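Welcome! Let's get to know this structure together through a handful of questions.

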Amino acid sequence: MAEQQRIVINGGKRLEGEIAVQGAKNSALPLLAATVLCSGETVLHNCPRLSDCDAACRILECIGCKCRREKNTVTADASVISGVEVPTELMREMRSSIIFLGSILARCKTCRLSFPGGCELGPRPIDFHLKALREMGAEIVERHGYLDCSAPKGLHGARIALSFSSVGATENIMLAASLAEGVTEIHNAAREPEIADLAEFINKCGGKVSGAGGSTVAIEGVEKLSPCEHRIIPDRIAAATYLCCGAISGGELILTGVDHADLRPVTAVLEQMGCSIYTYGKGHLFINTRKPLVSPGTIRTNVHPGFPTDAQPPLMALTSVASGTTVFVENIFENRFKHASELARLGAKISVEGKVAVVTGVKALSGAELISTDLRGGAALVTAGLAAEGTTRIGGLSHIDRGYENIEGVLRSVGADICRR
C-alpha cells in the first residue's frame, strides 16, 4: 500500500508547536527479540507503531509467541516456543532481523534463518555476529542463503573482541550470553544508548549485565530470565529529524519525551548553525530558528558518542539552504548519500565523491517529484520539502514507514502543509 502512496508537501510553512517523540526503533527491535529469552508475558511500553516493529512481532508469532498491541504497548508471551525457523520473507523485510539469532539460539539451542534484508546502504556484514557466536560454542553452517545454527550443549561464555564496535553484534552477543554458561566479555562494544536500554531490560528480567554504555560489557549467564514491564527509550534519530524540520522552516518547536544527553551530538551542530536550543523540565527540548542558517563546516559521522550516521541525511537537507559550504564525511556506511541526487532535484547543490559529500547552500529550493530509496534518506526528502517553494511529492514511503510513526500527521500537527495520498 505504501508503495502506491505519496507524501505531498506544499512548502514554506513555518512549524510551531509541540511534538511528543516516539519510542526508539533501534531499541524496540532488540527488545522484542529479547522477549524470546523470557518464559512468560513481557510488556513493552512506548513501542513505536512502525512497519519494522510489526515485522518483528510477526517473527515472534512465527516461532510460537503470542503478541498483541494496544496503542503503544506491546505484550509478547514467549511461554511456548514452537518453532526455530524465521521465514525468508520476514528476514528480508529488515536488517535487524538478524538480532533474533542470538535470542532463539540461547533459548532453543538451535535456529534457522536466511540472510537479512533492509536498506541498501552498502556492505553491512554479519560476520561479527557469526564469529562471536562461534566463539561461544555455536555451530553455524551457511548454505543456500540460510544459516543453520546449533549449540547442542548450550552456549558458553567467551572473551570477544570486536574489530568494529557494531551495535547489532553487541546486542546479539548480549542476548546470547544472557543464558550462556559462564561470563562473556565484549571488548570494543558499541556504546549507543540503545545498548544501555537492552542491558537495563535484561537486568530487570533477572540477568546480569554490567558496563553497558562503555567500551567493555560483561554478561554473566543465568539459568532463566523472567518477564518484566519496560518502557522503551525515546528515539533520538526521530527527534533529530524533527529538530531539522523545525530549523529548515525557521520555526519554533518543543519536543517532549526526549533525552537531552543522547541528542547532544546533534544539538551542538544545530547551535553552531544559528539555532537556539534550550532544555527544561524532564525530557523537554525547545528549538527556535530566528537567525539565518550558516554552515557548520565539516561533519564526520562516527559511532556513539560521535555524530550519528542516521542523522546525517536530514542534516544534509538542512545545510542545503544554509549559507556557506558544508562537508560531510561518512565513516559508517559506504552508500549513505543516495538522497543527495534527490535533493539536487529540488535545487540543492551537492557533489559526492566516495565517502565525502560537499554541500553549497542555496537561497531557495523548489518542489519536485522525489523517490525515497532508504529510511533516513526519505526523512531528508521530507525535511527539504518543508522548505521548498511549491509542491513536493515523495514516493517510496515503505522506507519512511520503517522508522517514523505517522510522520505526515506529526508534522501537520505543528503547521506543515503535508498529507499522504
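Q: How much space lies in the largest cavity?
A: On a 1 Å grid over the protein atoms alone, a cavity is a set of points where a 1.4 Å probe fits but cannot get out, and lining residues have an atom within 4 Å of a point. Grid points are joined across faces, edges and corners, and a volume is the space filled by probe spheres set on the points. The space in the largest cavity comes to about 30 Å³.

Q: What should I know about the model and its numbering?
A: This is a predicted model, where local features need pLDDT of at least 70 and side-chain atom pairs count only at pLDDT 80 or more, while totals for chains, interfaces and linings use all residues. Side-chain values use heavy atoms, with hydrogens and water left out, and along each chain, as its sequence is written, residues are numbered from 1.

Q: Which helices each supply at least two residues of the lining of the largest cavity?
A: Helices (H or I, at least four residues) and strands (E, at least two) are DSSP runs, numbered from the N terminus. The lining consists of Pro234, Asp235, Arg236, Ala239, Val258, Asp259, Asp262 and Leu263. At least two of the lining residues come from each of helix 8 (236-248) and helix 9 (260-272).

Q: Which residue caps the N-terminal end of helix 12?
A: Helix 12 (residues 375-387) is largely enclosed by the rest of the structure, because 12 of its 13 residues are buried (under 20% relative accessible area, with exposed over 50% and partly exposed in between; 1.4 Å probe, protein chains only). Among the buried ones are Leu375, Arg376 and Gly377. At the N-terminal end, a side-chain oxygen lies 3.4 Å from the backbone nitrogen of Arg376, and the capping residue that carries this oxygen is Asp374.

Q: Is Asn46 buried or exposed?
A: Asn46 sits in the loop between strand 3 and helix 2 (51-62). Its phi is near 60 degrees, a positive value in a residue other than glycine. With 15% relative accessibility, Asn46 counts as buried.

Q: What is the relative accessibility of Asn406?
A: Asn406 lies in the loop between helix 13 (397-400) and helix 14 (407-412). It has a positive phi of about 55 degrees although it is not a glycine. Asn406 counts as partly exposed, because its relative accessibility is 44%.

Q: Which residue in strand 14 is the bridge partner of Leu44?
A: Two strands pair if DSSP finds at least two bridges between them. Strand 3 (residues 41-45) runs antiparallel to strand 5 (residues 73-77), joined by 4 bridges. Strand 3 also pairs with strand 14 (residues 229-231), in the parallel sense over 3 bridges. In strand 14, Leu44 has as its bridge partner His230.

Q: Which residue takes a positive phi in the hairpin of strand 16 and strand 17?
A: Strand 16 (residues 276-280) and strand 17 (residues 284-288) are antiparallel, with 5 bridges. Tyr278 has Phe286 as its bridge partner in strand 17. The hairpin has 3 residues between the strands, and the residue with a positive phi near 60 degrees is Gly281.

Q: What is the omega of the peptide bond from His304 to Pro305?
A: Pro305 is found in the loop between strand 18 (298-300) and helix 10 (312-319). The peptide bond from His304 to Pro305 is cis, and its omega is near 15 degrees.

Conventions
On a 1 Å grid over the protein atoms alone, a cavity is a set of points where a 1.4 Å probe fits but cannot get out, and a pocket is an open set with protein on both sides within 12 Å along at least five of seven lines; lining residues have an atom within 4 Å of a point. A polar contact is a pair of N or O atoms within 3.5 Å; within protein, one must be able to donate a hydrogen and the other to accept it, and residues adjacent in sequence count only if both atoms are side-chain atoms.
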